Amino acid sequence: MEAKLKQMLYGGDYNPEQWPGEIWQKDMELFDKAGINSATINVFSWARIQPSEEVYDFRELDEIVDMLTREGKQIVLATSTAALPAWMVKRYPEVTRTDYEGRRHKFGQRHNACPNSPVYRHFITEIAGKLAERYGDRENVVCWHVNNEYGGECYCENCEKAFRVWLRKKYKTIEALNRAWNLAFWGHTIYDWDEIVLPNALSEGIGEEGTAFAGISIDYRRFNSDSLLENFKLEKAAIRRYDKKTPVTTNLMGTFKGLDYFKWAKEMDIISWDNYPSYDTPWSMTAMRHDLMRGLKDEPFMLMEQTPSQQNWQPYNSLKKPGQMRAQSYQTIAHGADTIQFFQLRRSVGGCEKFHGAVIEHAGSDQTRVFREVARLGAELKEIGSTVIGSRNEARVGIIFDWDNYWALEYTSGPNQDLRYVDQIWQYYDYFYNQNIAVDMIPVDGDFGKYDLIVAPVLYMMKEGMKEAVEEFVSAGGTFVTGFMSGIVDQSDNVYLGGYPGPLRKLAGIWAEEIDALAPEQSNKVVFKDGMKEQCRLLCDIIHLEGAEEIAQYESDFYAGTPAVTKNCFGKGCVYYVGTVLNADGLSKVLDMVCEEAGIAAVIEEETELEVTRRSTETEYIYFAMNFKDQEVVLPSVFAGKTDLLTGRKMEEGEKLLKYDVRAVISPR
Ligand code: GLA
Ligand code: ZN
């Protein structure tokens with residue numbers, strides 16, 4: 001596959017407009033020393049390049065673009081529309097958002113525009129077009145960065161009207177809408193489209209996160225995601241009027257809840273995302289987010305932002321330890337990134353991000369630990385970039401991730417408030433991560449046929465066509481893993497009648513009659529056939545076998561001795577049903593069985609505590625071995641005698657990797 005960028009970008013957000021000219025030249029020198037080959041500019045410069053409704057002023061941006069061009073840098077050009085200019089809010093107050101509590105906001109902050117404001121839509125189209133007209137044919141403008149980290153909601157009257165239009169298109173008739181939202185409940189029946197109101201704290205909202213009508217709130221989330229996507233599409237179309245070919249992206253945020261990224265991905269030319277793990281984020285969680293971002297288009301992606309050192313917006317902004325940024329960057333590349341970009345290249349002097357790390361710190365020097373680490377990585381990427389760029393990640397295991405399910409599951413009132421979508425998916429991902437088994441994160445309408453094993457935890461909402469797709473996959477010999485809180489509701493959050501897990505009942509060969517909820521201080525155990533006992537918590541399905549065999553049963557409570565985990569043969573394949581939240585050992589035991597049955601292998605045979613992740617070209621494999629453990633780990637023997645791509649050194653049998661050490665190895669397929 002042809003890479004979408006000609007070169008592995010190494011750079012990041014750069015805001016010279018916040019600095020006097022003398023600093024710019026110093027920056028250029030430091031960029032060269034650090035091996036920085038690109039800069040993302042104009043992310044928040046709207047007020048600079050359009051000082052009033054009638055006036056555009058590109059002089060400063062011209063200078064920045066010219067300087068970077070002279071210096072041989074690639075440019076990721078942002079459209080600047082993520083922070084409203086003050087003049088626009090003054091003249092057109094409708095461009096700001098109305099929040100969940102119903103308060104219309106004043107000028108301030110960023111990511112602050114009402115996505116359905118015709119005025120805002122007009123201005124973003126104008127500015128994006130002007131930028132493309134002016135800079136679109138520059139050789140070194142290699143990517144368009146539209147807006148920034150789209151997200152948030154608006155509950156203004158414009159949005160309310162737009163919601164009604166969106167719903168009318170979806171449901172056609174009031175009767176269909178009443179049915180979909182089950183409005184007979186609590187006497188909510190409506191008779192006219194203008195009786196629909198947005199679900200916020202003033203209407204159906206229960207607290208910050210809850211709702212009396214999940215059907216309405218899920219539709220609002222879909223609508224809001226679509227509204228913001230419409231903004232992206234408008235800017236992209238404006239760019240395309242002048243620039244037909246440069247890839248257009250916007251920076252996403254991993255498992256961010258607000259937007260249906262699979263839907264967004266269809267409109268984006270290349271995926272980019274911002275990776276900000278906190279000090280205690282498990283490395284497997286970060287790996288999962290990378291795989292999800294790669295999975296959006298099933299293609300390499302851009303790492304648009306990471307901090308070289310510290311963040312400012314987390315409660316505890318620990319430094320990245322020596323070597324950590326490098327290891328994090330290689331993990332990113334190993335999971336499919338074709339760029340490593342930082343927020344930010346120079347640390348700002350004021351504003352709430354002045355404590356946010358940067359390549360160039362307040363000392364302004366190349367004599368910092370952070371700078372040296374950035375420069376080392378820069379030199380390495382210069383060497384290996386062209387080998388890695390465009391290579392693919394291959395997997396036989398797919399884990400389903402779905403934003404409708406994310407929303408729906410977390411809107412449920414009961415059975416257990418501690419159930420979190422991402423956490424449930426991650427528990428399964430973590431098993432594969434620890435085994436060094438490659439995983440693709442896939443959508444509900446993915447190409448299941450590509451996989452031997454599909455894992456679908458908390459597949460709470462099953463939309464039209466899903467049942468048939470799973471049946472086809474399993475009948476043909478696939479292995480499917482699902483469990484509690486699956487097959488419960490349709491696309492409108494109405495329950496499939498006839499017993500849980502609804503459309504999966506026949507496939508799983510079970511009926512789950514009741515769902516028990518366990519408080520944090522409560523737990524149960526499951527007992528496997530060989531007598532092994534493991535803890536379970538949170539939820540316990542009470543299951544009747546209808547053709548499935550029991551893998552494990554509950555140890556205590558009134559459902560002691562009844563099945564907790566089951567397996568059912570269906571066509572040429574089989575379905576595992578995990579009826580409770582198992583501890584890691586319990587889940588491993590089940591998934592060991594599953595992998596053996598499905599013939600799933602790790603990327604290297606040898607067991608190791610290292611993360612080993614592989615990218616592939618048509619003829620070669622590129623292995624990345626990384627130590628994220630607190631202790632030294634021995635290099636797997638398959639790599640001994642080979643050359644470490646990063647240092648050119650021949651590796652020895654038995655050599656040890658310290659924490660955050662990385663090796664990269666290339667070998668024929
Ligand atoms: C986000 C934004 C950046 C910056 C960083 C700080 O990712 O896109 O503008 O605020 O966070 O971590
Ligand atoms: Zn609005």
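Predicted model: local features only at pLDDT ≥ 70, side-chain atom pairs only at ≥ 80, totals over all residues.
Residues are numbered from 1 along each chain as its sequence is written, and chains are lettered from A and ligands numbered from 1 in the order in which they are written.

Helices (H or I, at least four residues) and strands (E, at least two) were taken as DSSP runs, numbered from the N terminus. Strands of a sheet pair through backbone hydrogen bonds, either parallel or antiparallel. Two strands were regarded as paired if DSSP finds at least two bridges between them. Four strands form an open sheet in the order E2-E3-E4-E7, and their pairing is parallel. Contact here means heavy atoms within 4.5 Å; axes are lines fitted to C-alpha atoms, for helices over the stretch in contact, and angles run from 0 to 180 degrees between N-to-C directions. Strand E4 (residues 141–145) is joined to E7 by two bridges, and His145 has Thr249 as its bridge partner in E7.

Strand E1 (residues 9–12) pairs with strand E11 (residues 337–342) in the parallel sense over four bridges, with Gly12 opposite Phe342. In a regular strand the side chains alternate between the two faces of the sheet. Both faces of E1 are covered, as Leu9 and Gly11 on one side and Tyr10 and Gly12 on the other are all buried. Buried denotes under 20% relative accessible area, exposed over 50% and partly exposed in between (1.4 Å probe, protein chains only).

Helix H6 (residues 157–171) contains 15 residues and spans 21 Å from its first C-alpha to its last, close to the 21 Å expected at 1.5 Å a residue; the expected span is 1.5 Å times one less than the number of residues. The buried residues of H6 include Phe163, Trp166 and Leu167, and their cover includes helix H7 (174–180) and helix H8 (214–240). After H6 comes Lys172, with a positive phi near 65°.

Aromatic pairs number 38 in the structure. Rings of Phe, Tyr and Trp (its six-membered ring) pair if their centres lie within 6.5 Å; planes under 30 degrees apart count as stacked, over 60 as edge-to-face and the rest as tilted. The ring centres of Tyr276 and Trp313 are 5.6 Å apart and the planes are at 75°, so this pair is edge-to-face. Tyr276 lies in the loop between strand E9 (272–274) and helix H10 (283–297), and Trp313 in the loop between strand E10 (301–305) and helix H11 (324–334), so the pair ties together parts that are 37 residues apart in sequence. Tyr276 is buried, at a relative accessible area of 15%. Tyr431 and Phe432 also form an edge-to-face pair, with 5.1 Å centre to centre and 85° between the planes. Tyr431 is buried at 5% relative accessible area, and Phe432 is buried at 0%.

Note on methods: Heavy atoms only, no water.
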